[in-house]
Amino acid sequence: MNLKQQQQKQQEVLPMVAAGMAAACPVRTKLLLCSALGLALGVLATMSLIGSSSSYTTTLHGLFLPPADAAAAMNAVQDRQQQPPPAVQEEQGPPPAEQAMIRWPQSSPPPVSTAASIIGSAAAPPPPPSAGVGGFIDVDDDEALMAMAAAAPREVVLPPGASSPKLAFLFLTRWDLPMAPLWDKFFAGHLGRYTVYVHTDPAFNGSEPPPASAFHRRRIPSKEVIWGHISMVEAERRLLAHALLDDHANARFVLLSESHVPLFDFPTVHSYLINSNQLFLESYDQPGGTGRGRYSRRMSPVITMAQWRKGSQWFDLDRALAADVVSDGVYFPVFRRHCKRSCYADEHYLPTFLNIRRPPGAADNRTLTWVDWSRGGPHPARFTRLEVTVDFLRWLRSGAGSTCMYNGRNTHVCFLFARKFLPNSLTRFLRFAPKVMGFG
Ligand SMILES: *[C@@H]1O[C@H](CO)[C@@H](O)[C@H](O)[C@H]1NC(C)=O
Ligand SMILES: *[C@@H]1O[C@H](CO)[C@@H](O)[C@H](O)[C@H]1NC(C)=O
């Protein structure tokens, strides 16, 4: 970043901080609290400016492979699959037998202090900023949170000595995370290359995951989410905002649900995402009732019918697009006002935003999450324990019968994740993971 850009950035950041403060400090809030928040915001903005200028060059050179190296990157992905599963260093987590049995979210009655009371429900007064679950900034006003996140660096900033950008795994869940033990196996041994954020129902009262778990104290301050409602997109933006603020090394942002499972080991997923020269987000024009039919003329002229797009909710964004999403004060308010009832904002907001804000081809028009829509209806098929077999997993890992493009080349590695798997399939996944997926 040169001096001019730096100054420009400074000019952009400061009004946003001010806006964030104004929004965060309604008249009823105590003056003292607001001053503290203002100070914190100021420090945050300054730190992000210093940080973004110092390691910008590191990011550009050496970390992301130029397209010419795409073939090599893809080979690396393919090679790794053919190798025998690497020995996973058990840096974290209890021994296998114990971990397989952990169902921490629903187990014993939780101590009163863990969930709802810390998140700050509507009834309890909100805790002071930066005292949320897992130490996340707890600002009740979403717009204030978005303004703070908009001031975070748009580029990946690696701390001194760090060798690799991080993947941010954003779990949008209704309640608990039954697949957590499988994910813990997936993350084991890769500390420092990933971050985890969980948005759950604010009434969630399950016990806190054990300290060895990747999910320990990773719950962000959450609000109620209604399926297909704009509140779902609000939760996605909250996850993105916290991930942008929390760790400037977060380079890719993947949205997942409680019924998601990984199909490959962590090094494969990390390499696939970090070395990709595109992001993965479906965005397409679909005539008919479930596509253009959900557009409302009231969105015009800000969003026109020609700009309206549809796509799977399950995204993979890069840092720049994530930053644009939290900074969006133009399109999101129009969605909130006019995308109601059978509009399904989660299937349209990001696809439409991408279409408006990025040139064609900026994203690979596909999702990395496999789901089975073949049985029809508004929900994809759900899989039970007995349907999870070695053959089925191998089929999912080889593109589920199709091919796709990765950095300009054809590949069968199209899906890194799959859903929707019922909690009772966990033991099968834990059993097959070492043999089929190379971890656990
Ligand atoms: C947790 O919440 C559920 C649903 O609201 C309720 O049925 C259950 O009794 C609660 N459990 C505890 C231990 O508070
Ligand atoms: C994008 O993907 C969707 C869903 O797979 C497909 O229906 C559509 O034709 C694709 N559009 C383009 C422009 O590739």
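Helices, of at least four residues, and strands, of at least two, are DSSP runs numbered from the N terminus, and in this predicted model V198 is found in strand β2, which covers residues 194–199. The protein chain averages a pLDDT of 78, with 70% of the residues scoring at least 70, whereas over residues 1–132 the pLDDT is below 50.

**Confidence**
- Where pLDDT is low, the predicted coordinates should not be read in detail.

- V198 counts as buried because 25 C-beta neighbours lie inside 10 Å, and the cut-off for a buried residue is 20 or more.
- Once neighbours within four places in sequence are left aside, V198 is in contact with F171, T173, L177, F215, R218, R219 and I220.
- The C-alpha atoms of V198 and L239 are separated by 7.5 Å, although these residues are 41 apart along the chain.

**The largest nonpolar core**
- In soluble globular proteins, nonpolar side chains tend to be buried together.
- The largest nonpolar core has 102 residues, and A149, L170, L244 and V326 are those with the most contacts inside it.
- Helix α9, residues 230–246, contributes the largest share of this core, with 10 residues.
- Apart from its neighbours within four places in sequence, L244 is in contact with A149, A152, N250, A322, A323 and V326.

**Helix α7**
- Helix α7, which spans residues 142–150, is mostly covered, with 7 of its 9 residues buried.
- The buried residues of α7 are A144, L145, M146, A147, M148, A149 and A150.

Definitions and conventions
Residues numbered from 1 in each chain as written. Chains lettered and ligands numbered in written order. Predicted model: local features only at pLDDT ≥ 70, side-chain atom pairs only at ≥ 80, totals over all residues. Buried ≥ 20, exposed ≤ 12 C-beta atoms within 10 Å, placed from the backbone. Contact = placed C-beta atoms within 7 Å. Core = buried A, V, L, I, M, F, W, Y, C linked by C-beta atoms within 7 Å. pLDDT = per-residue confidence, 0-100.
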